[in-house]
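Welcome, and please open your viewer so that we can walk through this structure together. Each stop tells you what to select and what is there.

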Amino acid sequence: MGIGGPALENIILKNAGTRGANALKGLLTEGTQEFGEGYGQQMAENYGQQQAGQNVGLTDNALGQAVTGMVIGGPVGGLVGGLGRVRNPEKVSANQEKLNDLMSQNQTLQDQMQEPNADQTMLAEQLRQNSLAIANLES
């Protein structure tokens, strides 16, 4: 997936859904990326040929390479996306409720830390455990 692949995949596949939706997202992600890569690589090759004294236009065959990359990369991305993770809506909802509860508890603990007679050591440990639980749910 090249340099931009993981970032682009994360943006598009962040909220994965059904296998069909994942396949479509994978097809779009990989197809779009391969289109851009094919175009850019051909332009770079043409530039190198120009520097070597050959008479070639900067964008010669760039569109063809871009389309070829998209036609080959898109279906591969769709296949991989379709085989990827599928989110269970009930599980997502339950995890979101847990996350909301933990965030609320985190705020309560932070408020308690501000009180003059608060047990800072105990509250700090509870905050640490709460933060770990939040991080675990978010990953």
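Start by selecting asparagine 46 and leucine 58: the side chain of the asparagine reaches the backbone oxygen of leucine 58 at 3.0 Å. That pair can be read against the rule for a polar contact: two N or O atoms within 3.5 Å, where, within protein, one must be able to donate a hydrogen and the other to accept it, and residues adjacent in sequence count only if both atoms are side-chain atoms.

Before going on, a word on what you are viewing. This is a predicted model, in which local features need pLDDT of at least 70 and side-chain atom pairs count only at pLDDT 80 or more, while totals for chains, interfaces and linings use all residues. Residues are numbered from 1 along each chain as its sequence is written, and side-chain values use heavy atoms, with hydrogens and water left out.

**Stay with asparagine 46**

Now colour helix α2, residues 19-51, which holds asparagine 46. Helices here are DSSP runs of H or I with at least four residues, strands are runs of E with at least two, and both are numbered from the N terminus. Is asparagine 46 buried or exposed? Asparagine 46 is buried, at a relative accessible area of 2%. Buried means under 20% relative accessible area, exposed over 50%, and partly exposed in between, using a 1.4 Å probe and protein chains only. Next, show Val56, Gly57, Leu58, Thr59 and Asp60, which asparagine 46 contacts once its neighbours within four places in sequence are left aside. Contact means heavy atoms within 4.5 Å.

Select asparagine 61, in the loop between α2 and α3. Its phi is positive, about 65°, although it is not a glycine. Most residues other than glycine have a negative phi. With 48% relative accessibility, asparagine 61 counts as partly exposed.

**A nonpolar patch**

Select Leu63, Val67, Met70, Val71, Ile72 and Val76 and show their surface. Together they form a nonpolar patch with about 530 Å² of accessible area. Patches are made of residues with over 30% relative accessible area and no salt bridge; like charges are joined within 9 Å, and nonpolar side chains (Val, Leu, Ile, Met, Phe, Trp, Tyr) within 5 Å. Accessible areas come from the Shrake-Rupley method with a 1.4 Å probe, and for residues only the protein chains shown count as cover. Leucine 63 belongs to helix α3, residues 62-83, and counts as exposed at 53% relative accessibility.

**Helix α5**

Move on to glutamate 125 and arginine 128. They form a salt bridge, and their closest N and O atoms are 2.8 Å apart. A salt bridge is a side-chain nitrogen of Lys or Arg within 4 Å of a carboxyl oxygen of Asp or Glu; the structure holds one. Glutamate 125 and arginine 128 are three residues apart in helix α5 (residues 120-138), so about one helical turn separates them. Glutamate 125 is partly exposed at 32%, and arginine 128 is partly exposed at 45%.

In helix α5, also pick asparagine 130, which is buried at 5%. Where does the side chain of asparagine 130 reach? The backbone oxygen of leucine 102, at 3.4 Å. Beyond neighbours within four places, asparagine 130 contacts Leu102, Gln105, Asn106 and Leu109.

**Zoom out**

Finally, show the whole chain: five helices and zero strands. Of its 139 residues, 23% count as buried.
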